[in-house]
Amino acid sequence: MLRNDMIAGQSIEGSLTFGVLDQMGVINAMSIDEMLLGYSTSLNASTILTFYGATITTILTSIMVPMFYILRLNPRKIMM
């Protein structure tokens, strides 16, 4: 998607658009290939394990917090 957007932006001739950063003097002197090399969209084993660990931690936290709250209550208050 990024590559297609960048190519489409370059193919429009005669239309120069200036953003706020361009007006402040920030110039991007990177080519399309250099910019695409900066974006890593691959999923390796460590990335998958990180997502898996974050998911399990979120699920366990969302289960444990209400469970500890209920276990602190008096059994009579639980039934009422």
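Which residues make a nonpolar surface patch of about 870 Å²?

## The surface patch

In this predicted model, the nonpolar patch is formed by Y52, I56, I59, L60, I63, M64, M67, F68 and L71, and its area comes to about 870 Å². One of these residues, M67, lies in helix 4, which covers residues 45-72. M67 counts as partly exposed because its relative accessibility is 36%, a value that falls between the 20% limit for buried residues and the 50% limit for exposed ones.

Of its 80 residues, 5% count as buried, while the chain exposes about 7800 Å², of which carbon and sulfur atoms supply 66%.

## Confidence in the model

The mean pLDDT of the chain is 77, and 65% of the residues score at least 70. Among the elements of the chain, helix 4 has the highest mean pLDDT, at 93, whereas helix 2, made of residues 20-23, has the lowest, at 64. Where pLDDT is low, the predicted coordinates should not be read in detail.

Methods. Residues numbered from 1 in each chain as written. Predicted model: local features only at pLDDT ≥ 70, side-chain atom pairs only at ≥ 80, totals over all residues. Heavy atoms only, no water. Buried < 20%, exposed > 50% of the residue type's maximum accessible area, 1.4 Å probe, protein only. Areas by Shrake-Rupley, 256 points an atom, 1.4 Å probe, with all protein chains shown as cover. Patch = residues over 30% accessible without salt bridge, like charges linked within 9 Å, V, L, I, M, F, W, Y side chains within 5 Å. Salt bridge = Lys/Arg side-chain N within 4 Å of Asp/Glu carboxyl O. Helix = DSSP H or I, 4+ residues; strand = E, 2+ residues; numbered from the N terminus. pLDDT = per-residue confidence, 0-100.
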